[in-house]
Amino acid sequence: MRTPNNTIFNNSTKIKKTIKYLFAIMLLLAIWQVAALCIKSTVLIASPLAVLKRLLTIWREDSFFKSISFSFVRIAGGFIIAFFTGIILAIPAGRFEWFEIMMSPLMVTIKSVPVASFIIIALMWLSSKQLSIFISFLMVLPVIYSNVLQGIKSTDTKLLEMADVFRLSYGKRFKYIWLPSIKPFLLSAAHVSLGMAWKSGVAAEVIGIPSGSIGENLYEAKAYFNTVDLFAWTVIIVLISVVFEKVCILLLKKFFEHLENE
């Protein structure tokens, strides 16, 4: 049970952390503004004020929300598919050594090959509209797989032996033994892979240029030397990625709390 003093302390800590976070953002904006003033070329770098003005108008365009939804559905879909696939593959890999050995070359290959190579190869198999979901899936899969596998391997063997002695059901083993071991690794994997999904997914769209995507808008901004739009779309991608990450992590934590409290 939390005491009033603990609550006040926690609130104070959160406020201090928020202030530090805002200070870091303001510092980056200041550096960005100084760089824009020094370079004095809107083609090379747009000022924060110019980007802000563009952000206030860009959302009114007819294609704005269509582009957001097009990319979001595919990149988020790729992440979700990879998330569950990674968990499903990690479970037998943690139990059977032969399965882990079989999966190892595949995961090493996916992690080692540059994303640009995968994008170019994938364009030979898939349409540009399917590209971002496939690339985000590939980039997220090894991260989820390796972290969940590590969580399974870190499970205390004495607890597993005790479960065998008392003949605990698989449900209880999952709740009281596997879940506490996997939870921190899975949350860490989600933190890392959510950003990777958006970076790789948008990169795939910039190369594949599917019609009505965020990547198409970035490509057109670059082709026409529209640096303000380029920066504006980049800010939008960052904001969507951050919000998506916060929501996913919150849902994961709620899911774990629900299982633990059952």
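I looked up the nonpolar cores of this predicted model, taking a core as a set of buried Ala, Val, Leu, Ile, Met, Phe, Trp, Tyr and Cys residues joined through side-chain atoms within 4.5 Å, where buried means under 20% relative accessible area with a 1.4 Å probe and protein chains only. The largest core has 54 residues, and I135, Y145, I214 and W233 have the most contacts inside it. Helix α6 supplies the largest share of this core, 13 residues. Apart from it I found another core, of 6 residues, including W32 and A232.

I then noted the conventions: residues are numbered from 1 along each chain as its sequence is written. Local features need pLDDT of at least 70 and side-chain atom pairs count only at pLDDT 80 or more, while totals for chains, interfaces and linings use all residues, and side-chain values use heavy atoms, with hydrogens and water left out.

α6 covers residues 128-153 and reaches 39 Å from its first C-alpha to its last, close to the 38 Å expected from 1.5 Å times one less than its number of residues. I found a bend of about 30° at V140, with the proline P142 following within four residues; the bend is the angle between axes fitted to the seven residues ending there and the seven starting there.

Last I checked S146, which lies in α6 and has a relative accessible area of 29%. A polar atom of the S146 side chain lies 3.2 Å from the backbone oxygen of V143.

How values were computed. Helix = DSSP H or I, 4+ residues; strand = E, 2+ residues; numbered from the N terminus. Buried < 20%, exposed > 50% of the residue type's maximum accessible area, 1.4 Å probe, protein only. Polar contact = N/O pair within 3.5 Å; in protein donor to acceptor, adjacent residues only side chain to side chain.
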